[in-house]
Amino acid sequence: MVKFSTTIQKFGAQGEKTGWTYVPISAEIANRLKAGCRQSFRVRGKLDTLEIEAMALIPMGDGKFILPLKADIRKKLGKKKGDTLQLNLSEDKKPYQICAELIDCLQDEPGALDHFNKLSGSHKRYFSKWIESAKTTPTRVKRITMAVNALARGWGFPEMIRAGSNEQ
């Protein structure tokens with residue numbers, strides 16, 4: 001575990017990262033977490049007293065990384081830009097688990113399951129994380145249904161989202 005404190009920051013105009021709230025991770029600390037790594041990797045540990053796992057560090061160049069802090073995390077921490085945060089991190093080597101409910105439903109649609117299995121790991125995770133981010137059971141059920149139907153049509157995540165936005 002690597003223990004350190006840092007200040008929460010927020011990007012101004014920074015391309016795709018505009019408006020993101022994050023904590024900077026120095027090259028020295030990133031190297032202690034995962035030696036020589038220059039690409040995104042996941043960490044686990046604590047932000048103050050909040051337990052975290054599978055949070056991605058994003059490379060920023062020169063060996064530096066950022067740890068994005070989504071609104072729900074900031075709310076749980078009760079922190080905002082400019083506040084100090086105590087971090088206690090290590091690399092999270094546990095592989096990501098695809099949503100079990102999605103896999104169960106795909107078992108009933110062999111064509112959808114075949115298409116899902118041909119997708120890259122990152123594309124499988126798009127579906128899974130989108131389903132898992134649902135705040136209510138009806139929304140979760142709706143998202144699973146949409147995913148299975150899209151996969152049965154041979155669609156990926158972007159095609160499903162575009163088709164869903166065209167229906168509204």
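Is Trp-130 buried or exposed? With a relative accessibility of 16%, Trp-130 counts as buried; the term buried means under 20% relative accessible area, exposed means over 50%, and partly exposed lies in between, computed with a 1.4 Å probe on protein chains only.

Good morning, colleagues. The model before you is predicted, with local features requiring a pLDDT of at least 70, side-chain atom pairs counting only at pLDDT 80 or more, and totals for chains, interfaces and linings using all residues. Residues are numbered from 1 along each chain as its sequence is written, and side-chain values use heavy atoms, with hydrogens and water left out.

Let me begin with the aromatic residues. Six aromatic pairs are found when the whole structure is searched. Here rings of Phe, Tyr and Trp (for Trp, the six-membered ring) pair if their centres lie within 6.5 Å; planes under 30 degrees apart count as stacked, over 60 as edge-to-face, and the rest as tilted. Phe-116 and Phe-127 form an edge-to-face pair, because their ring centres are 6.4 Å apart and their planes stand at 70°. Phe-116 belongs to helix α4 and Phe-127 to helix α5 (residues 121-132), so this pair ties together parts that are eleven residues apart in sequence.

Phe-157 counts as buried, at 15% relative accessibility. One aromatic cluster is formed by Phe-116, Tyr-126, Phe-127, Trp-130 and Phe-157.

I turn now to helix α6. How many residues does α6 have? Helix α6, residues 137-152, has 16 residues, and from its first C-alpha to its last it reaches 22 Å, close to the 22 Å expected at 1.5 Å a residue. That expected span is 1.5 Å times one less than the number of residues. The buried residues in α6 are Arg-143, Ile-144, Ala-147, Val-148, Ala-150 and Leu-151. They lie on the same side of α6, because they cover an arc of only 165° around the axis; the arc is that of the directions from the helix axis to the C-beta atoms. The face of α6 turned away from this buried side carries the exposed residues Pro-138 and Lys-142.

Just after α6, Gly-154 has a positive phi of about 85°. Gly-154 is also one of the residues in contact with His-115, alongside Leu-151, Trp-155 and Gly-156, leaving aside neighbours within four places in sequence. Contact here means heavy atoms within 4.5 Å. His-115 lies in helix α4, residues 110-118, and its side chain reaches the backbone oxygen of Trp-155 at 3.1 Å.

The strands come next. What joins β4 to β5? Six bridges join these two strands, which run antiparallel; strands pair if DSSP finds at least two bridges between them. Phe-41 has Leu-57 of β5 as its bridge partner. Strand β4 is also joined, by five bridges, to the antiparallel strand β7, residues 84-91, and Leu-47 stands opposite Leu-87 in β7.

Strands β4 and β5 form a hairpin with two residues between them. Most residues other than glycine have a negative phi. Asp-48, in the turn of this hairpin, has a positive phi of about 55°, and its relative accessible area of 25% makes Asp-48 partly exposed. Asp-62 likewise has a positive phi of about 55° although it is not a glycine. Asp-62 is found in the loop between β5 and β6 (64-68) and counts as exposed, at 69% relative accessibility.

Finally, I mention two threonines. Thr-6, in strand β1 (residues 2-7), counts as buried at 14% relative accessibility. Not counting residues up to four places away in sequence, Thr-6 touches Val-23, Pro-24, Asp-83, Thr-84, Leu-85 and Leu-87. Thr-21, in strand β3 (residues 21-25), is buried with a relative accessible area of 8%. Residues touched by Thr-21, with those up to four places away in sequence not counted, include Ile-8, Pro-68 and Arg-74. Thr-21 and Arg-74 are 53 residues apart along the chain, and their C-alpha atoms are separated by 8.9 Å.

Terms used: Helices (H or I, at least four residues) and strands (E, at least two) are DSSP runs, numbered from the N terminus. A polar contact is a pair of N or O atoms within 3.5 Å; within protein, one must be able to donate a hydrogen and the other to accept it, and residues adjacent in sequence count only if both atoms are side-chain atoms.
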